[in-house]
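Work through the exercises below with the coordinates open. Try each task before reading its solution.

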Amino acid sequence: MTSTPLSQETRGIRAAVRKVSAYPFTPIDVPIKLDQNENPYDFPAELKAEAARRMLERPWNRYPDLHADKLREALARYEDWDAGSIVVTPGSNVLIKILTELAGINQTMLVTKPTFSVYTLEASLLDAKLVEVPLNPDFSLPVAELKAALEREAPGVFAIAEPHAPTGHADRPEDVQELVRHAEQYGWVTVLDEAYYQYSGTDYRDLVRAHPNALSLRTFSKAWGLAGVRLGYILAGQEIAHNLQKLVSAFNVNILTETVLEVALEHPEYVQRIVQETVRERERVFAALQNHPTCQALPSQANYFLLRTPDAQAAYRHLLSRGIVTRPQDGQYLLKGCLRVAIGTPGENDTLIAAVNELK
Ligand SMILES: *Cc1c(COP(=O)(O)O)cnc(C)c1O
């Protein structure tokens, strides 16, 4: 931080916002994009065409549903959930912001260290007290330490990702359940971030059903291959959903998103096909890198994994020279030397394996 005097222009800006650095992401134009955990497979062409056809028929001069009611009803059928207890926003990043508004501002945001960076970012921007509990060295949940923090701190948002981001570790369901129970006892809103649950075969819907303090956060950005369309949602209990809905701005899901999601939810079978392909590829990449002399692919249940290298910056640059962009995680707790690498198409993964094999 520099201590330049504040100009008239910035004096009114809250200190918390001024202090935070902008979201650290620079797009890099290379053929093989493995840096954002995206789905390598685009939304199926025939479904795109159907969505475009429906878009042409809709009036564009009219506002969409106030709170995306039709979309929430379609999601309710898909998830077997009460439509009134679903909240949707353009991407789940927006949900993380409003969850922080719901229970974090002037209260606490409790996360693991490391965690998905949006949680720590929103806590900083919105003046929630950020409490980070270090993961165990094997990336599992530090259950006793988290329970102690749930007891010690004033309640607010308690967020864990299952499977975890950025490690890809899937925790023992007993541990997750124990923490959800404990958090309930002490009055926390527990977020189970399930952005990647399709790849791990886990599903915490039943746990959320049994614990109204907990909610599942889900997205169309990963397994559904719709990151560009922007839709995230939560499955919650009535009370949380009702209060969270007040924080969603009116008309926040546009008609393009509504229409694409309507088509996607009529044809969910394509998701299973591409998830299976990615899981198969993940295991193939792991097997191929198993005997690498210096690099280690750390086990993951998601559509990405951590590659531990002797020198993350050198490895990053080498992969870039082969047309592959990854995401350095080197600066984070427990992640020295690590790059986060998404699983791509079989051809992209072949290029990745060859490029990693060139690393000394
Ligand atoms: C990608 C991701 C999301 C989804 O973000 P969107 O805003 O829905 O694209 C949520 N949580 C985690 C941990 C993620 O990695």
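**Exercise 1.** How many of the six residues of strand 3 (residues 108–113) are buried?

*Solution.* First, the ground rules. This is a predicted model, in which local features need pLDDT of at least 70, side-chain atom pairs count only at pLDDT 80 or more, and totals for chains, interfaces and linings use all residues. Residues are numbered from 1 along each chain as its sequence is written, and side-chain values use heavy atoms, with hydrogens and water left out.

Next, the cut-off. Buried means under 20% relative accessible area, exposed over 50%, partly exposed in between (1.4 Å probe, protein chains only). Strands (E, at least two residues) and helices (H or I, at least four) are DSSP runs, numbered from the N terminus.

Now count. Five of the six residues of strand 3 are buried, so the rest of the structure largely encloses this strand.

**Exercise 2.** Identify the pairing of strand 3 and of strand 2.

*Solution.* Two strands pair if DSSP finds at least two bridges between them. Strand 3 pairs with strand 4 (residues 129–134) in the parallel sense, over six bridges. In that pairing, T112 stands opposite V133 of strand 4. Strand 2 runs antiparallel to strand 8, and four bridges join them. Here V88 faces Y233 in strand 8 as its opposite residue. Then check the faces of strand 2 (residues 86–89).

**Exercise 3.** Describe the largest nonpolar core.

*Solution.* Start from the definition: buried Ala, Val, Leu, Ile, Met, Phe, Trp, Tyr and Cys residues joined through side-chain atoms within 4.5 Å. The largest such core has 55 residues, and L110, F158, F220, L226 and Y270 touch the most other members. Helix 11 (residues 255–266) gives the largest share, five residues. Domain 1 (15–43 + 270–357) and domain 2 (45–266) each supply at least three residues. These bounds come from an automatic or database domain assignment.

Take L110 as a test case. Contact means heavy atoms within 4.5 Å. Leaving out residues up to four places away in sequence, L110 touches partners including V131, V133, L146 and W188. A second, separate core holds 25 residues, among them I32, L34, V325 and I343.

**Exercise 4.** Classify the ring pairs F43–Y270 and F220–Y233.

*Solution.* Rings of Phe, Tyr and Trp (its six-membered ring) pair if their centres lie within 6.5 Å; planes under 30 degrees apart count as stacked, over 60 as edge-to-face and the rest as tilted. The whole structure has nine aromatic pairs.

F43 and Y270 have ring centres 5.6 Å apart and planes at 70°, so this pair is edge-to-face. The two residues lie 227 residues apart: F43 in the loop between strand 1 (32–33) and helix 2 (45–57), Y270 in helix 12 (residues 269–289). Both F43 and Y270 are buried.

F220 and Y233 have centres 5.6 Å apart and planes at 40°, so this pair is tilted. F220 sits in the loop between strand 7 (214–219) and strand 8 (232–235), Y233 in strand 8, so parts 13 residues apart in sequence are tied together. F220 is buried, at 0% relative accessible area. Y233 is buried too, at 1%.

Finally, collect the cluster: F43, Y78, F220, W224, Y233 and Y270 form one aromatic cluster.

**Exercise 5.** What separation divides the centres of domain 1 and domain 2?

*Solution.* Taken over C-alpha atoms, the centres are 23 Å apart. The contact takes 33 residues from domain 1 and 36 residues from domain 2.
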